[in-house]
Each structure stands twice: as C-alpha cells, then as structure tokens.
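The sequence and the structure are shown first, and the description follows.

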Amino acid sequence: MTSFISRVIDDIFSKHKCYENLIFILPSQRSCVFLKEEILKKIPTSSFLPKIISIENYIQEIGDINLIDNTQLLFEFYSIYKQNLPKQNIEPFDAFSQWATIALHDFNEIDSYLVNSEDFFTNLRDVKRLDEWFQDKKPSQLAVNYLQFFEYLHILYKALNKKLKNNKFGYQGLIYKEAKDNLEFYIHNNINKHIVFVGFNALNKAEEYIIQELLNNNIASVYWDANEAIFNKFNEAGVFLRKYKSEWAYYQKNPFLWINNEELTNQNINLIGAPKNSTQIKYAGELISKLENFNKTALVLADENLLTLALNSLPNNVKNINITMGYSLKDIPIASLFDSLFKLHLNQQKFNKKNEHLFYYKDVLNVLNDPFLNKLYNETLQKISTKIKSENSIFLDLETLKKCISSVEVEELLLLFSLFEFSTNMNAVITQCCGLLNKLKEFVIGVEKEYLYRFYTIFQQLETLNSTYNHIVDLKTLALFYNQLLQNEKLSFQGEPLQGLQLMGMLETRALDFETVIITSVNEGILPAGKNDFSFIPFDIKKHFGLPTYQEKDSIFSYHFQRLLQRAKNIYLIYNTENDGYGSGEKSRFLTQLEINNPSITKTIISPKVQHLEFPLIQIEKTSEVVKKLKEVFIKGISPSALATYIYNPVSFYEQKVLGIKEDDEVEEIIAANTMGSVIHDVLEEMYLPFIGKFLSKENIAEMQKKCDDLLTKYFRKHYLKGNIQIGKNKLIFEVSKNHINRFLKQELQLLNENKQLKILALEEKLNTEITIEGVDFPVNLRGIVDRIDELDGVTRIIDYKTGKVEAGQLKMYDFSLISEDYKYTKAMQVMFYSYMYTSKIKPITPLQSGVISFKNLNSGFLKMNFSEKPRGSDFEVSEERIQNFMNEIKNLISEILDPKTPFVENKNLPF
C-alpha cells in the first residue's frame, strides 16, 4: 500500500508545479526526513527543494522569538519569584524548584490554548476559596498560605511573560501566543507561498487558530491521515478530527483531505502476552532476527525506559539502525561518580560531621570503588578500601585516608583528595568536577569519551547559569539541578535515518508508515498513559477553559495507535501479562477494541524457555599437595568448629583449611552477632576469673552484677573498633547483651539460694590432646577452648556458652553415627569433643556432664547432653564408654577427611 506521505506529495505536486514556493509542516523532525526522501524520488534533480520544517520550528519562525532552555527558564522564573514576592514568603531555590516546574507546565498550557489569563486565574482563585479551606470562620495559616500561593501564581505569570518577551525568549506556549499575534504580518509577507500541513491530529488552540487563518487566506492545505473507522462517533481516536471537520468554517465549503477509504486486507495481526519487560524485549528481538529486510520495519517502545534493554537485545543481523530516542544520561556509568561525590558531602552535612571534617564510610567506599576513578588509581584505591574495612571506621577524615598509603601515593592522588574538600563557592565545585572530567579523558577511549564530553557540557551549562543568576548557593541545590539535568538530557545517537531498523517512541511514528510494526508495553498506564496529570489546575477548570485533560491525552494515543496500524502488513503487539501489586497495568483497552473489530487476530501467551540446568556438584580430588596441606593442618591441631565446617560442607572446609581463604573484612556499622558473642564471653570470663578454684557465694554474684555495665563497655570497645554503642541499633544490642548477662547471673544466684555448691574449675581453658588413627601415619592433634568448667554439687560440668538459640533436642543423642550426617548435632559434637580432651588430661572422680548455656534460651538453663533413647527420657552422664563411642565416630570422620581417595564433595542440601 502507498504510504500516506507519498500520497500527499503526489497530490500536492499535481496541483503545484513551483516547488520552491511550497512549505511542508510536519509533526516531528523524523517525519521531515522521510518526506524529504520521498520528494527527492519525485522531483527533477534540477529543481529546488521545497522548505520542510517541523511544527515547533515553524511556530518559532512566525513568533520571531527563541525557545528558552528548560533549566534556564527555571532560573529566570526564580529571579521573577524573588522580585515579586514579599521577602518572608520566599523559599530557597531547591524548595522552589519542586513546584515551579509544575507551574511552568501550567503556564505553557494556558498560553498554548490561548486562555485569557485574567479570567483563568480569577476563576482558579475563586474555586480554591470555595473549597473546604474557608468553611471555618477563622482559616488556619496553612489555608491562608494555600490561597496566597494561587494569587501569587497570576503575578508571577504576568511578570515572567513580560521579562521573557523583552528578552526575545519564550517557552513553547508563549511562542505559540506570540505567533498568533504575529500571524497577520506573516501572512502578508508570505502571500505567494503555499503551506502544507501533513499528518496532524490533536492541535492546541493556537495551532487551530493559525492553521484556520492560513486556510481562510488560501495559502495553505491540510492533509489529515484518517479512515472511516476513526470517524466513527464512538471511536475516541477521532475526537479531534471529527471536531475540526464539523466546526471549522473552511470545511463547510471545502473538502476534508483525507478520509482514507482504502482497506488493507490480509493484515497479519498478533497479540502476544509476555511476562515482565525483559521477556517482551527479548521476544521482540527474536521476531526481528527472523526478518530479512529491516528497511520498512519499526520497533516502537511505548515505554521509552526500555531503550537500554532493547539495545542489548537486538539480534546480530541488525546492521543498520536509526534511533531517535536519546540515551538518558542517568543511565550512563559516569553519572554515578558525581552522584557519589555529592552524596559524600551531603551526608557529611546530614550527619552533622562537617565541622569535624568526617565522612561516612559507605560514601567514601562508593567513591573509591567507582570504575572511572579506578582507571586512574586502581591499586592505590583498593589499598585504602581494605584499610578502612580492617579498622572498622564508620566516620573518617581526609588525614585518615592519607595514612592508609605511602607519601608517594598521596602525591599521586592529590586530584582525588581535592574532591573531599569542596568549596562553599558552587562555581568552584563545578570547576573541580570539570577538572576531574579533563583528567579522566586521558584514560578512556571510544564512546566513554563521548560520555565525558556530554557531562562536561552539563557542568559548563550549570556554571554559565550560576554566573548569570547566582541561584545555586549550596551543594544541595547543585546536586538537585545536576540530577534534574540528568533526568531531562539525553545523549543523541548518530545513524543513517532512512536505512535499517527504525527504533522509536510512540510520538515519533506520527505521519510515518511501515510494513512491519512491533509495539511493546501495550498496557494500561503506558498506552494509554492514564490519569497522571502534572498540574495545579483542577479537572473542572481545565474542562471549562478547554485545556487538555487525561481524556484528551488518551484520545491522542488512541489515534497514533490506530493510524500506525492501518497500513501495516505484519503487526506484533506485545503486552506485559504481569500486573503490578495494585492490580493496574493490565492489557491495554486498545488491544481489546482491536480484538472486537478483528476476530481473526492471532493471540499468544509466551514465556521464556526455562532450561533445567543440572549443575554438577563441586568435587575436588585430593592431590598430593592437598594431602600434604591436610597433614600440616591436622598435625598443627584441628578444632571441633573445623570439623563442624566439614560436616556443613566439605568444600567450605577445603576452602578455609587447605586454600586458606578467609572472608573479606567489612565495616561493621551495626554490631554483628559474632561480635556480641565475643563480648559476652569476655565479660563473663573477667567476672568469674577471681573465683577460679573457689566456691561462689551470693556476695560474689552481687559484685559481678555491679561490674556489668563497665565490663560490657570495655569489651565492646575492644571488639567493636571505633563503633558507636550509644545510639540506634547498637544501643539496643548493648542493652540486650546486658540483659543476657544479668539474667544469667540471676540464674546463678538462684542455684546458690537453693543451697547448691558451685565451684569454678576453669575459664576459657585451652585443651589439646594427641590421638592416633588407624591408617594415618602421623599423630593427629585435637585442640579447642572450653568456655567454662565448674563443679555443681559434686558433678563436673563442661559448659559452652552460645549467644544464639540452642534447643534441648540438638543435644539429645544416643547414636553417634548421626554426627557426621546431620549438621544439627554439631553443638553436641563440640561439647563431647571438649569432654574427651578434658578427660584425657584429667581423670575426674566425680560424675561428668557436658552441655550448652544458650543465652536466647536461658529459661531452659543448662542444656545437658542427653543419651536416653526414650522420647522424654533423660540420661545425662558423660561416661568413659560414651566418650569412646563418640571418638570412634570422630576418628572415622577424620579418616574420611584424610583419605586421598575420598574427594571433597559439595553438600547439595545445605541447612543455611
């Protein structure tokens, strides 16, 4: 089927032979390129091309006024704001900018739709007065401020308009308004021209007025792209075209160009439901990979945020591509560097550390780990990071960072360290950022240089604006504008606009036709966008003054959608089947309408192929080097916790004991569970140390209780380096530790109140013993530290403190073969291990018990090893026979570890 643009040119050229007097006006820059290409095919090479221009640029020509940049407009608006409002009502720039962008958007609509500002703002103010704010006799200050805000809006609107017009600048709406006023002069000077408007739909009031005047003066033609279906009175897509056809005086006497009566038969329409954005885009990539020719193919992203994903999903057979959507600067890696730098200093202010020149460690690490900075100083930066983590510094100053490296390395990092000392002059800060970009450009190649240049221009723009207006007075405001520019600015792609695949947003499809169309994200809330008005103006006032609401915007996208499909042969409409958590985001109603009108549509639900991958278990053979290392480990001494690691996962044992791999140090901002455990162990050791070899008395316990706070503070200082235990979660953990110790001491006191005799035999006792194992040609050393050994009423107790929760069931065991099979019994293994080492050195005459005191289960008291086979039975004595049975299993376990023929095999059923 012939494209819309081609038909327009044929019709115009049949009526006008003087091509240089023609002016073609199109909705977008891209459609201008396509129209120019079509004209080149149809006019003699010796002819002059007609003028081809987008509507925005054309209106700018008529208005004789330049479009102002959005950021500069905001700066200009703040100057007006400061001049026209009482001093006590003026907000700082960062607070002002939060609502000013909405106000400017409303000003733009008011002017684009030629609304009488006096009537409009009077109505707006009166509506606000009628609202609930003034139902009371005496309104609150909040209500007064709210009303004042709307009264000031009119003052600011008039002042801004006046200032911009004097400077020959304007926002889009103001340019439209000026163009309307200059139209008579423009028509008089262009009476010999013929202006052709191509492919428009929803016009604002200014565009309506301008086009009608040009039509009435017989110097213009308008070519609408529509079909009979769009003109059906129930079709929301035709709201605007039906209105123009019935209401414009010109169309009472002249034909409406065009209603397209051609119907494309045998359209291949496919509705595809896919879960999540990634599946949609991946499937679109698969569709494209099956095509042979991309010259008449469009991939339309209804959600333009998916551009990055789309670019990464294009198949290799796409050699040429044209992308009109820019690549958002916020997605470029260098953006995070400056974001990290600003956060470094802003959080310094937030935590009130500016006077002390201290920085929060996470912010420092974010800067040090930035990939661009690591191109400059990789090894040196990692050295500083390691030092920060090992010293557990939550807040650091610049001198501390410098002490982490040598004086020579400090000299190399002068540029980096200068970034930790921002000036109070924001222009100086911007200059520092530009200096960093200049330094980085020496170390990057290719597209990364383009990234740096684009960011350099952003900082130059901020510096120019601030030199002119001086509104950026603090870092918070600078960071706000930096982020605002990142949101709005895009990196343009370069490519051949007429060759290959066309990748575009929905608005870029205006006036263009393609044989194959793939549209993604055809969901409610995206296509159409739904109720997301960015405005201070109530719905009723918008309706009264003819301003666009969400209803008109839905109609606009309905038209674009239907128009794009009307000449396409192959159509693939992909929607996300996964609704969001609130039930919105379902399949677009545009698809439902299409299904009703086209029963033959192919409907498919797809899902990614889930490949069941069988990952083989990690298996490490014991080479001669591994066996040698294991021999060294077992001669040096093996602890019960090391054997517990082997039971948990043999590969972890191999990594820790054979390879010597340790976990990376991390800064411990909140006290970790193991730190809390170490503190409680050390506090109890110091409390009980004076009483080794003695029977405890009630007075001894009372004395310990008095020392609790001081000892806790002392040992938290030791184990929690440079950490603050006075605030937040750390304060809570301190109090929990204190509660654990006090409750434990109360239990000890209760034993004494029951006239029981409690004697402390040893604390943190280092035990070791040597064993021989059949088949192992060297002695194996067992070692461990038992927390406490005491004697209660003649029974020797071996006690292991646990700050975690331990249940009695974990210490009930009559079959020792379970130890090597189930990690659950490693607590039992540990205390039995201590029992063996203790009895191998000291033969206790008294009965022996071993077990755990769990601070999270103190109500259960001393949890003893229970050897009873009965479900509720109890048998707590650790006899010599039981110890020997236990050791037989331990020897089997050690034999397995040392056996060269038994590899280390990963445990596939890890308990944690």
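## Terms and basis

Helices and strands are taken here as DSSP runs and are numbered from the N terminus; a helix (H or I) has at least four residues and a strand (E) at least two. The structure is a predicted model.

## The second largest pocket

Helix 29 makes the greatest contribution to the lining of the second largest pocket, supplying six residues. Several elements each give at least two residues to this lining: helix 27 (640-648), helix 28 (650-658), helix 29 (673-688), helix 32 (826-841), strand 22 (780-792) and strand 23 (795-802).

The space in the second largest pocket amounts to about 1,600 Å³. Its lining comprises 40 residues, and those closest to the centre are Ser641, Asn674, Lys802, Tyr823 and Gln830.

Seven strands form an open sheet in the order 11-16-10-17-18-9-19, and their pairing is parallel. At its edges are strand 11 (321-323) and strand 19 (602-605), each of which pairs on one side only. From one strand to the next, the twist averages 15°.

## Strand 10 and its partners

Which strands are joined to strand 10 by bridges? Strand 17 (residues 516-520) runs parallel to strand 10 and is joined to it by five bridges. Strand 16 (residues 501-505) is also parallel to strand 10, with four bridges between them. Within these pairings, threonine 297 stands opposite threonine 516 of strand 17, and valine 300 stands opposite isoleucine 519 of strand 17. On the side of strand 16, alanine 298 stands opposite glutamine 502.

Is strand 10 largely enclosed by the rest of the structure or left open? Five of the five residues of strand 10 (residues 297-301) are buried, so the strand is largely enclosed by the rest of the structure. In a regular strand, side chains alternate between the two faces of the sheet. In strand 10, Thr297, Leu299 and Leu301 point one way while Ala298 and Val300 point the other way, and all are buried.

Strand 1 (residues 22-26) pairs with strand 2 in the parallel sense over four bridges. Phenylalanine 24 has isoleucine 52 of strand 2 as its bridge partner.

## A buried histidine

Histidine 345 belongs to helix 14 (residues 334-350). Is histidine 345 buried or exposed? Its relative accessible area is 4%, and because buried means under 20%, histidine 345 counts as buried. Apart from neighbours within four places in sequence, histidine 345 is in contact with Phe359, Leu419, Phe420, Glu421, Phe422 and Leu475.

## Backbone exceptions

Most peptide bonds are trans, and most residues other than glycine have a negative phi. The peptide bond from leucine 257 to tryptophan 258 is cis, with omega near -15°; tryptophan 258 is placed in the loop between helix 11 (250-253) and strand 8 (259-260). The peptide bond from leucine 527 to proline 528 is likewise cis, with omega near 0°. Proline 528 is located in the loop between strand 17 and helix 23 (539-544).

Positive phi values occur at glutamate 764, where phi is near 45°, and at aspartate 793, where phi is about 50°. Glutamate 764 lies in strand 21 (residues 758-771) and, at 21% relative accessibility, counts as partly exposed. Aspartate 793 is found in the loop between strand 22 and strand 23; with a relative accessible area of 45%, aspartate 793 is partly exposed.

Notes: Residues numbered from 1 in each chain as written. Predicted model: local features only at pLDDT ≥ 70, side-chain atom pairs only at ≥ 80, totals over all residues. Heavy atoms only, no water. Pairing = 2+ DSSP bridges. 1 Å grid on protein atoms, 1.4 Å probe; cavity = no way out; pocket = protein on both sides within 12 Å on 5 of 7 lines; lining within 4 Å. Points joined across faces, edges and corners; volume = space filled by probe spheres on them. Buried < 20%, exposed > 50% of the residue type's maximum accessible area, 1.4 Å probe, protein only. Contact = heavy atoms within 4.5 Å. Axes fitted to C-alpha atoms, helices over the stretch in contact; angles between N-to-C directions.
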